[in-house]
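Hi there,

Here is the structure we talked about, ready for you to open. My notes on it follow below.

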Amino acid sequence: MTAFRSGLIALLATLVLDQASKLWLYFGTDLVMTQPWRLAPFADFVVVWNRGVSYGLFQQEGGLGRWLLVGVSLAAAIGLSVWMRRAGSRLLAVALGLIVGGALGNAIDRAAYGAVFDFVHLHAGTWSWYVFNVADAAIVAGVVGLILDSLRPAPRAPSTDVAGNGGRPQA
């Protein structure tokens, strides 16, 4: 399987899992009326509409901000998809696929509802992590993959010594 195909599978799996989880939790359950749902002592399902970006930054109340964020997400997805198409390693392609799938999943929410549906809340004692969704988790995993890929040694280029002198300059 090519690196690009692996990245495309990661993109599609992320997009499908993200949208399916959001649609099921919001429309297929009574989470909105009965939240929070305790999953574990450190995790709940809740309903949060994020009108901003990561960690709730750049909250947008108006239509212009909403569509600007959709446009930025789509532009990033296109650019990263081009990079994914040219990726030389499966790790890089999958990492980019996770990021693109997550960006598209959140862009769909923003376009359809005006905000991103976040629902996983992690906490411990008085410490509370931000509320996130499958798309957000995929983006974080993709960034980790990009970092890991950047730390791998570059593959050696094949020798192009046509003179047969071991790469030594001629005297």
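Which residues do ring pairs link into a cluster? They are Tyr26, Phe27, Phe45, Trp49, Tyr113, Phe117 and Phe119. Before you read on, please keep in mind that this is a predicted model.

**Aromatic pairs**

The structure holds 10 aromatic pairs. One of them joins tyrosine 26 and phenylalanine 117 in an edge-to-face arrangement, with 5.5 Å from centre to centre and 65° between the planes. This pair links distant parts of the chain, since tyrosine 26 belongs to helix H1 and phenylalanine 117 to strand S3, 91 residues apart.

**Strand S3**

Strand S3 covers residues 116–124, and histidine 121 is found in it. Is histidine 121 buried or exposed? Its relative accessibility is 17%, and the cut-off for buried is under 20%, so histidine 121 counts as buried. The side chain of histidine 121 makes a polar contact of 2.5 Å with the side chain of serine 128. If you set aside the neighbours within four places in sequence, the residues in contact with histidine 121 are Phe42, Ala43, Asp44, Val46, Ser128, Trp129 and Val131.

Alanine 124 lies in strand S3 too. With a relative accessible area of 44%, alanine 124 is partly exposed. In sequence, alanine 124 is 82 residues away from phenylalanine 42, yet their C-alpha atoms are 5.3 Å apart in space.

**Helices H1 and H5**

Two packed helices are described by the angle between their axes and the distance between the axes. Helix H1 spans residues 3–27 and helix H5 spans residues 134–151; they pack at an angle of about 150°, and their axes are 8 Å apart. Because angles over 145 degrees count as roughly antiparallel, H1 is roughly antiparallel to H5. On the H1 side, the contact is made by Thr14, Leu17, Asp18, Ser21 and Lys22, and on the H5 side by Val134, Ala135 and Ala138. By type, the residues of this contact divide into 4 nonpolar, 2 polar and 2 charged.

That is what I have for you so far. Happy browsing!

Best wishes

Definitions and conventions: Residues numbered from 1 in each chain as written. Predicted model: local features only at pLDDT ≥ 70, side-chain atom pairs only at ≥ 80, totals over all residues. Heavy atoms only, no water. Helix = DSSP H or I, 4+ residues; strand = E, 2+ residues; numbered from the N terminus. Buried < 20%, exposed > 50% of the residue type's maximum accessible area, 1.4 Å probe, protein only. Polar contact = N/O pair within 3.5 Å; in protein donor to acceptor, adjacent residues only side chain to side chain. Contact = heavy atoms within 4.5 Å. Axes fitted to C-alpha atoms, helices over the stretch in contact; angles between N-to-C directions. Parallel < 35°, antiparallel > 145°, perpendicular 65-115°, else oblique. Nonpolar A, V, L, I, M, F, W, Y, C, P; charged D, E, K, R; others polar. Phe/Tyr/Trp six-rings, centres within 6.5 Å; stacked < 30°, edge-to-face > 60°.
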